Each structure stands twice: as structure tokens, then as C-alpha cells.
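Here's a friendly walk through one protein chain. Have a look at the sequence and the fold first, then read on.

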Amino acid sequence: SQALIGVDGSTLPVHAEVRVEPERILHFYKTTKVANTQGGYDRVPLEGITFDIYLVAELRDYLLGTVQLPEPGDYDYPETADYTLTTDANGWASVNFTQQGMPDGVYLVVERTHPAIKAPVEPFYVTMPATNPEGTGHIYEITVQPKNDVKGDVRIEKDVISLGNDSASVDAYTNHTWI
């Protein structure tokens with residue numbers, strides 16, 4: 001209730017509705033296949049992969065049809081991205097659209113070249129928020145997992161004690177030299 005100014009002390013009910021929208025978050029999980037010692041492949045996180053994100057159309061304009069999207073590879077994006085992020089040692093990178101003040105819309109994601117990968121993934125669109133699979137609501141936290149092939153067949157070899165010796169046991173808390 002709110003007291004009225006200049007009235008005999010009576011109160012007037014005040015009603016308000018507070019709506020809290022979920023935060024819009026886009027996660028990247030970047031991995032590649034690396035040959036393992038058993039003759040198969042393991043998924044290994046890629047660190048230092050950079051993605052540029054460009055707002056192509058605000059969601060309202062896109063849904064009303066006032067903006068037509070070209071093929072992602074044909075989009076003529078500006079030199080400066082709306083947001084840039086880089087994967088960490090675990091292959092993860094995230095952007096919180098809500099905290100960054102980025103509107104709901106269609107975004108173009110462009111992966112930059114990196115010396116460890118053969119080629120970046122093709123540019124692609126992400127709609128934030130996305131429609132859920134049932135078509136009855138939205139998904140506000142999206143994870144994309146673009147994958148690359150690394151240059152060459154990466155294998156890590158270690159030699160201990162002497163060249164060609166791949167195993168050794170050592171006492172805990174003692175210094176040991178790996179070759």
C-alpha cells in the first residue's frame with residue numbers, strides 16, 4: 001500500500017508485476033580428435049581458439065521478416081566484432097549476452113584461424129534465445145561444439161631414464177628427471 005499525499009491518511013493499494021527473464025548465455029566447447037595409444041581417438045580440448053560474434057539481426061526484425069539472412073559464408077561482416085572470446089585450457093569459452101547488453105537476435109559466429117588447426121569451422125548463425133525442440137518456449141543457455149582437425153597426428157612421447165624407455169617408477173617426493 002502507498003500513502004496518498006494530502007488525503008486523510010487512507011491508503012491506496014498499488015500493484016506491480018516484476019518479470020525476471022533468464023540470462024542469455026552462449027557456451028563454446030572446442031575439441032578435436034587425437035590418436036591415442038590404443039589405436040583409437042580421444043576428444044581433446046583446444047585452447048586459444050578465438051570466435052568473433054556479430055549481431056546480424058535483432059530477433060524482432062528477423063521474426064517479422066524485415067531482415068533476410070544471407071548464407072553465413074556470404075555475410076559481409078564488419079572489421080570489429082560485437083564480441084570476441086577465446087577458449088580456455090579446458091576448451092570452454094562463454095559469453096553472457098544479458099550482462100554484455102547484447103540484444104536477442106541472430107548472431108553470426110566466425111572462428112579465427114589458429115596455427116594448430118587445419119581450417120576454422122565454417123561461419124554459422126546462432127539465434128539467441130533459441131526455440132526449444134517442442135516449439136513451446138525458449139532455450140536461454142546454448143552450448144555449441146564446433147570441432148576441428150589439428151595439423152598432423154599429435155602424439156606425446158616421453159622417455160624416462162634413457163632414450164626408448166617409456167616407463168619407470170620413482171619414489172614419491174624425490175626429484176626425477178624426464179627426458
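How many aromatic pairs does the count come to? The count comes to four aromatic pairs. Bear in mind that what you're looking at is a predicted model.

**One ring pair up close**

A pair of aromatic rings is described by the distance of the centres and the angle of the planes. For Y54 and Y77, that works out as 4.7 Å centre to centre and 35° between the planes, which makes the pair tilted. Y54 belongs to strand β6, residues 50-58, while Y77 is in the loop between α1 (59-64) and β7 (83-86).

Now for some strands. Three of them make an open sheet, in the order β5-β4-β14, and the pairing is mixed. β5 (41-45) and β14 (147-148) are the edge strands, and each has a single partner strand, so one side of each is left without a neighbour in the sheet.

Strand β4 covers residues 31-35 and pairs with β5 in the antiparallel sense, over five bridges. Follow that pairing and you'll find K33 opposite R43 in β5. K33 also has a ring to sit on: its charged end is over the ring of Y41, 5.0 Å from the centre.

Another residue to look for in strand β4 is T32. Is T32 buried or exposed? T32 is buried, because its relative accessible area is 1%, and buried means under 20%. Setting aside neighbours within four places in sequence, T32 is in contact with D42, R43, V44, L46, N148, D149 and V150.

| Residue | Relative accessible area | Class |
|---|---|---|
| T32 | 1% | buried |

**Stepping back**

What about the chain as a whole? The protein chain has two helices and 14 strands. Of its 179 residues, 30% count as buried. The chain exposes about 12,300 Å², with carbon and sulfur atoms supplying 49% of that area. And if you take the contacts between residues at least 6 apart in sequence, 62% of them join residues at least 24 apart.

Definitions and conventions:
Residues are numbered from 1 along each chain as its sequence is written. This is a predicted model: local features need pLDDT of at least 70, side-chain atom pairs count only at pLDDT 80 or more; totals for chains, interfaces and linings use all residues. Side-chain values use heavy atoms; hydrogens and water are left out. Two strands pair if DSSP finds at least two bridges between them. Helices (H or I, at least four residues) and strands (E, at least two) are DSSP runs, numbered from the N terminus. Buried means under 20% relative accessible area, exposed over 50%, partly exposed in between (1.4 Å probe, protein chains only). Contact means heavy atoms within 4.5 Å. Accessible areas come from the Shrake-Rupley method with a 1.4 Å probe; for residues, only the protein chains shown count as cover. Rings of Phe, Tyr and Trp (its six-membered ring) pair if their centres lie within 6.5 Å; planes under 30 degrees apart count as stacked, over 60 as edge-to-face and the rest as tilted. A charge sits over a ring if NZ of Lys or CZ of Arg is within 6 Å of the ring centre and within 35 degrees of the ring normal.
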